Amino acid sequence: AGVAALLRSLHPGWNADQIKAQILATADPLPSLAGKTVTGGRLNAGSAVAATTLTISDPELVEGDAGTNGDMVFTVTRTGDTSGSATVDWSTADVTAAAGTDYTAASGQLLFAPGETQKTITINVNGDATVESHEAFLIDLSLVSGDATMADSQGQGMILNDDASIS
């Protein structure tokens with residue numbers, strides 16, 4: 001309630017849904033809270049009331065069979081004061097998925113012009129017929145220019161295995 005009141009005082013034109021969205025978008029993800037809270041994280045008052053915050057989604061994609069490719073789309077969202085511009089570098093990083101085998105490694109830059117609130121990053125995922133665990137990779141974000149707080153600097157892409165073992 002206190003953070004909502006602070007946001008209301010900083011952004012008197014925001015409605016309740018916008019205040020709620022800001023609080024949820026700026027939560028700190030914690031594995032111990034995954035599935036226990038709406039965001040899987042805890043309140044981050046500092047990020048919530050920052051002038052501009054950047055977050056990235058954690059998408060999932062069913063892998064598909066060998067020879068198929070799919071596009072996993074990460075969404076980078078800017079909330080708060082969007083009147084200025086912001087530039088963000090991004091790059092992929094392996095976790096349990098391997099670049100070149102499970103997905104195509106990539107990097108780039110996003111430019112948020114004044115008023116823009118969302119950008120997307122599309123990563124190609126390679127299918128296979130291997131029975132394996134779900135695999136993950138990251139998109140790492142870093143702010144190059146602009147006044148923004150990186151509320152979430154890593155998006156995790158989860159490649160869901162669709163191959164069943166034959167008994």
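How many aromatic pairs does a search of the whole structure find? The search turns up 2, where rings of Phe, Tyr and Trp (its six-membered ring) pair if their centres lie within 6.5 Å, with planes under 30 degrees apart called stacked, over 60 edge-to-face and the rest tilted. The model is a predicted one, in which local features need pLDDT of at least 70 and side-chain atom pairs count only at pLDDT 80 or more, while totals for chains, interfaces and linings use all residues. Residues are numbered from 1 along each chain as its sequence is written, and side-chain values use heavy atoms, with hydrogens and water left out.

Take the pair of Phe74 and Phe137: the ring centres sit 5.8 Å apart and the planes meet at 70°, so this one is edge-to-face. It links distant parts of the chain, with Phe74 in strand β5 (residues 69–80) and Phe137 in strand β9 (residues 135–145), 63 residues apart. Helices (H or I, at least four residues) and strands (E, at least two) are DSSP runs, numbered from the N terminus. Tyr103 and Phe137 make a stacked pair, at 4.1 Å centre to centre and 10° between the planes. Here too distant parts of the chain are linked, since Tyr103 belongs to the loop between β6 (86–94) and β7 (107–112) and lies 34 residues from Phe137 in strand β9. As for burial (buried is under 20% relative accessible area, exposed over 50%, partly exposed in between, with a 1.4 Å probe and protein chains only), Phe74 and Phe137 are both buried. The relative accessible area is 0% for Phe137 and 1% for Tyr103, which is also buried.

Next come the salt bridges, each a side-chain nitrogen of Lys or Arg within 4 Å of a carboxyl oxygen of Asp or Glu. The structure holds 2 of them. One joins Arg42 to Asp28, with 3.9 Å between the closest N and O atoms. Arg42 lies in strand β2 (residues 41–42) and Asp28 in strand β1, so this bridge ties together parts 14 residues apart in sequence. Arg42 itself is partly exposed, at 47% relative accessibility. Glu116 and Lys119 form a salt bridge as well, their closest N and O atoms being 3.3 Å apart. Both ends are partly exposed: Glu116 at 29% and Lys119 at 22%.

What about pockets? On a 1 Å grid over the protein atoms alone, a pocket is an open set of points where a 1.4 Å probe fits, with protein on both sides within 12 Å along at least five of seven lines; lining residues have an atom within 4 Å of a point. The largest pocket holds about 530 Å³ of space, the volume being that filled by probe spheres set on the points. Its lining counts 23 residues, with Pro29, Thr39, Asp58, Asp152 and Gln154 nearest the centre. At least two lining residues come from each of α2 (16–25), β1 (28–29), β3, β5 and β11 (154–160), and β11 gives the largest share, 3 residues. The lining splits into 10 nonpolar, 10 polar and 3 charged residues (Ala, Val, Leu, Ile, Met, Phe, Trp, Tyr, Cys and Pro count as nonpolar, Asp, Glu, Lys and Arg as charged, and the others, Gly among them, as polar).
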